[in-house]
Amino acid sequence: MQTKLIKIDADDPNKEDMREAAEIIRSGGLVAFPTETVYGLGANALDPEASKRIYAAKGRPSDNPLIVHICRFEELLSIAKEVPPQAEKLADAFWPGPLTMILPKADIVPRETTGGLDSVAVAIRMPNHPVALALIDESGCMIAAPSANTSGKPSPTEAGHVALDLDGKIPMILDGGPVGIGIESTIIDLTEKVPMILRPGYITKEMLEEVLGEE
């Protein structure tokens with residue numbers, strides 16, 4: 001497979017290039033793209049075979065859940081079975097941005113995206129990057145996207161890092177320049193009564209507690 005590297009103006013993503021990338025996503029293929037945290041390796045989150053391709057390209061264990069990226073809050077309502085008030089507060093405060101929320105999943109989310117087995121939860125975030133948001137919007141798909149690297153290697157902050165690692169394994173890389181944060185999103189589990197941080201990240205415990213008014 002030949003990997004196509006496309007330069008994208010992050011301030012004004014080219015519509016034609018985005019259409020080509022979006023068609024790859026719709027057809028079940030993989031596209032690497034920038035977010036504000038790291039570069040992600042994206043596929044249609046509701047396509048089981050597409051999710052399998054992410055695991056294969058990364059050499060990632062298939063029981064490791066993928067984060068579903070959305071571009072508008074309404075999409076959250078279609079893939080989460082329940083949206084507690086805490087989730088709405090956090091979305092108002094930090095979305096779009098580097099916060100991932102774990103919520104009870106709706107039946108339309110395949111097991112391949114949520115790590116197999118009988119997972120009843122889904123990880124969701126809304127990235128704060130114009131290229132990521134444009135790709136989600138143009139494709140019409142919610143996009144599952146872990147970091148765009150083979151498992152065990154550092155998360156990529158530039159398109160060149162992705163190319164060195166995944167060239168020949170994926171159809172396209174969207175080069176939107178270096179990312180701004182360089183560390184993954186904070187993950188908070190909202191499936192239990194007391195919220196729990198599963199992965200520390202850019203959004204701190206103190207920031208979350210201030211918004212939620214609880215530990």
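**Salt bridges, a hairpin and a pocket**

K205 and E209 both sit in helix 7 (residues 205-212), where 4 residues of separation make about one turn of the helix. Helices (H or I, at least four residues) and strands (E, at least two) are DSSP runs, numbered from the N terminus. This is a predicted model, in which local features need pLDDT of at least 70 and side-chain atom pairs pLDDT 80 or more, while totals for chains, interfaces and linings use all residues. Residues are numbered from 1 along each chain as its sequence is written, and side-chain values use heavy atoms, without hydrogens or water.

The side chains of K205 and E209 meet in a salt bridge, with 2.7 Å from N to O. The term stands for a side-chain nitrogen of Lys or Arg within 4 Å of a carboxyl oxygen of Asp or Glu. K205 has a relative accessible area of 44% and is therefore partly exposed; E209, at 22%, is partly exposed too. On this scale buried means under 20%, exposed over 50%, and partly exposed in between (1.4 Å probe, protein chains only).

How many salt bridges does a search of the whole structure find? The count is 9. One of them joins the side chains of K4 and E20, at 2.9 Å from N to O. K4 belongs to strand 1 (residues 4-7) and E20 to helix 1 (residues 15-26), so this pair ties together parts that are 16 residues apart in sequence. K4 is partly exposed, with 38% relative accessible area, and E20 counts as partly exposed at 31%.

Helix 1 also holds R26 and E23, which are 3 residues apart, about one turn of the helix. Their side chains form a salt bridge of 3.0 Å, N to O. R26 is partly exposed at 38% relative accessible area, and E23 is partly exposed at 41%. Elsewhere, salt bridges link R72, E75 and D137 in a network.

Next comes a residue in helix 2. Is S51 buried or exposed? S51, which is found in helix 2 (residues 48-58), has a relative accessible area of 0%, so S51 is buried. Leaving aside residues up to four places away in sequence, S51 touches N44, A45, L66, E112 and T113, where contact means heavy atoms within 4.5 Å.

Strand 9 (residues 186-189) and strand 10 (residues 196-199) run antiparallel and are joined by 3 bridges; two strands pair if DSSP finds at least two bridges between them. One example is I188, whose bridge partner in strand 10 is I197.

The last stop is the largest pocket, which has a volume of about 380 Å³. (A pocket is an open set of points on a 1 Å grid where a 1.4 Å probe fits, with protein on both sides within 12 Å along at least five of seven lines; lining residues have an atom within 4 Å of a point. The volume is the space filled by probe spheres set on the points.) The largest pocket is lined by 25 residues, and the closest to its centre are R60, I67, P146, I187 and R199. Strand 3 (39-44), strand 4 (67-69) and strand 6 (121-125) are the elements that give two or more residues to this lining. Strand 6 gives the most, with 4 residues. By type, the lining of the largest pocket divides into 12 nonpolar, 9 polar and 4 charged residues. Here Ala, Val, Leu, Ile, Met, Phe, Trp, Tyr, Cys and Pro count as nonpolar, Asp, Glu, Lys and Arg as charged, and the others, Gly among them, as polar.
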